[in-house]
Amino acid sequence: MHPSAKMPKQRMRPRMGRWLIWAFVVALFCGVVDFGAPFEGALRTTRNKLIRHPVSGEVVVVGIDSASVHKYGDWPWRYGLHAEMVNKLHKMGAKQIGLDFYLTGAGTRSEERALAGALELARGKVYIGTQRHFDRHSDKTTIIEPRPAFAARANLASVDYSANAFGQVWRLPYAVEAEGVSRMSFASILGGRAGIAGESFPVDYSLDLKSIKTISAKDLLEGKVSPEAIRGRKVMVGVVWDALEDVHALPGFGSIPGVYFHVMGAETLLSGRPVEFGWFFVLLVTTAVGVFAKNAPSRFLGRAALAATFSALIGLPIFLEAHLIFVNVVPSLLLLAIVGIGRIRARLRNTDVSTDLVSGYDNFSALRQVSVEQGDIVVVAKIKRFPALAASMTPEYITELARLVRSRLSLGTGLQYLFHGENGTFGWVVPAEMAWALSDQLGALHALFNNGLPLNGHPIDLSVCFGVDSTAGRTISSRVDSALAAADQADESNMRWVGYDPVTPEDAEWQRSLLSQLNDGMTNGQVWIAYQPKLDLRTGKVTGAEALIRWTHPTKGEICPVEIIAACEQHDKISGLTHFVLKSAIRCASELQAKGIQFNIAVNLSPRMLDERDLVERLRELLLQHQLPAQRLTLEITETAELRNKTSAITMLKAIRLMGVSVSIDDYGTGLATLEYLQLLPVNEIKIDRKFINGMLEEQNCAVMVNSTIQLAHSLNCKVVAEGVESEATLDMLRSFKCDTVQGYLIGRPMTYSAIQSFIADQKSRAA
Ligand code: C2E
Ligand code: CA
Ligand code: CA
């Protein structure tokens, strides 16, 4: 077996979801207490109407109706009349004769003899009704039975049945227990199917009650009935005048005399033996679908599964009941309703944070909740230059793109559980037992993407790179972060994939010693500020510079600024460093100002610094001390999740803007920020990341992204700085896009203060 054909662990541990658990508990309760009976009944009655069909006609009713009573006297009748009816029915060839009354009362000797004779003559064809009677006073059950003279010459049958809490009769017994013996019901006898005492069956009320043939007892006694109507049939004699008989609710037909219940039951059994699946089995199946929907690879698939189940619960019983298979669906429908409400609620409140809002796929919040085991590997795939791609696409295209990438990743990994991150990232967990194949797999995926993707008919070139975290003993959330960082590193260094490298103990040691030396460095001149010129494209003049930290270490040489900043941020030393840079930069700008040069200075501000309560105060003091107008200072901030999630940070930015200091979003395009989002931030400049500027000449997507960013930023009243300009061609393009300011090696590398002074002086003399 190909190792990747194996399901990832998340699949083996599907998540139930809070709503689903609640729905199951409520549905279970509903099933146990039969709280859904009226709904179940209403649904079944509706279905019955759809498949209504006539009875077999094997059983006919001889009814004691109003005409019979008017002609032959009040009910109960004299035994002579019963004897006459039995004789007639027997002679006409009835197969079985059921008498739906008890024959308990006294009569004249001769009449009693006449009936006993008739029963004798019918030779066991006749069944007389008996009923259990519960006496509340004596707390005893007695059986109402015919007089011994009759009982000895005929069979006995039970007329017992009971209505549910809503007065409806849905079921009939096969047999009941009477004084230690099992006595078959009329339905069971006439229907020809037996069951044990106490066992009951659901009556098929899709049979048409009106198709039961009823003959008036009067017509029978008067000899007006043709023998054809009786011959070979089973006959049930009973009262059909509702003024005389207890009536009960026969679902779908209203209140009906008791004799018809027996006939409906008999006709049910004549067409087969009903099978019942009840509610619990159905509920289990529905719950399983619910679990599937919750864990489905896409929201669409989940919804489709739920909708299909709903339709099946409504429609399938119609076909089942036509074959006498009965299921109860209300607890399951209740479960679906609760799950549906849960989903709608989540959607309305937009709190379904574990799915991506655009694509509907599970996002990284969900990935961060997956349970991982020792040896499992976290992988993040990153679509290169995704922000530039996305900037040139409509949301529908982006969704389609995400879908295509996803299906291709699924294809390549054999995994269904992919999580959709922001900015064109996808993540998944590779189970430990598949780890050995990972390198090959990533290579294959990389190649798979090189073939281009057919996006709505147009092939687009995409390339992906991967970040891999295989560290042990860390939370899944920090492992996702590491894999993301590794993917970024792979992207920057043009590698197919990069494994996250946790800081080794030596690294940590070096960081600590680096920090302890940094303070000294700041006082003894090892740490200094480099200034990189910024060119104003409108005036064609260098009007400012970005201040960048430099550390010339006596033994280690130039130390990478990114490393210094990372160490400072990790060990809460960034504030001291930033104030050092601010002080130096503001001093230099004010010196130039004193020489009559209007010089704008930009300083990088770590987003963490926005937590500092006295930041605004300290800035104000510094500016005042060096007599530099606030308008000359710009703070460059990279948009991060930290900034995004803190309202206090935004308040701080507002206070900074209020002072007159400019705020610029650094590395625009690499972070999470979109222009719509930036609108909410108090910024007045956007600095497009050098990756996009560098890519502009070769990649059309980059050019489109830069161009559209400039236009949009202008419409939001923001200035745009392009960083990393290295060629004239790039500069020309930026000029045509109406970019405001450029920075990069083409204009000038970061340089010492004295170097930038002469740089500006040269420019002046050139202009003169
Ligand atoms: P950044 O803010 O994006 O700074 C621009 C970086 O791009 C600088 O790298 C600069 O040398 C480099 N660069 C400028 N023009 C070009 C070009 O044409 N081509 C290329 N390939 N690169 C160019 P540097 O000085 O290594 O700084 C790296 C990062 O360190 C900065 O990126 C910034 O995030 C951080 N940093 C530097 N100084 C400070 C500071 O004082 N405070 C804070 N918080 N961060 C700082
Ligand atoms: Ca910067
Ligand atoms: Ca930058």
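Glu-723 counts as buried in this predicted model, at 7% relative accessibility (buried means under 20% relative accessible area, exposed over 50% and partly exposed in between, with a 1.4 Å probe and protein chains only). Because the model is predicted, local features need pLDDT of at least 70 and side-chain atom pairs count only at pLDDT 80 or more, whereas totals for chains, interfaces and linings use all residues. Residues are numbered from 1 along each chain as its sequence is written, chains are lettered from A and ligands numbered from 1 in the order in which they are written, and side-chain values use heavy atoms, with hydrogens and water left out.

Glu-723 takes part in a metal site. The calcium ion (ligand 3) is coordinated at 2.2 to 2.6 Å by Asp-666 (OD), Asp-667 (OD), Glu-723 (OE) and Glu-723 (OE). Donors are N, O and S atoms within 2.8 Å of the metal (3.2 Å for Na, K and Ca); water is not among the atoms, so sites may look incomplete. Along the chain, the donors of the calcium ion (ligand 3) follow the spacing D-D-x55-E. Helices (H or I, at least four residues) and strands (E, at least two) are DSSP runs, numbered from the N terminus. Asp-666 also bridges the calcium ion (ligand 3) and the calcium ion (ligand 2), which lie 4.1 Å apart. Asp-666 is buried as well, at 7% relative accessibility.

Strand 26 provides the largest share, four residues. An oxygen atom of ligand 1 lies 2.8 Å from an N or O atom in the side chain of Arg-690, and an oxygen atom of the ligand is 3.1 Å from an N or O atom in the side chain of Glu-546. A nitrogen atom of ligand 1 is 3.1 Å from a backbone N or O atom of Ile-549. Of the 790 Å² of accessible area that ligand 1 has on its own, the protein covers 86% (areas come from the Shrake-Rupley method with a 1.4 Å probe; for residues, only the protein chains shown count as cover).

Elsewhere, Lys-382 lies in strand 18 (residues 377–383). Lys-382 is buried, with a relative accessible area of 11%.

Methods:
A polar contact is a pair of N or O atoms within 3.5 Å; within protein, one must be able to donate a hydrogen and the other to accept it, and residues adjacent in sequence count only if both atoms are side-chain atoms.
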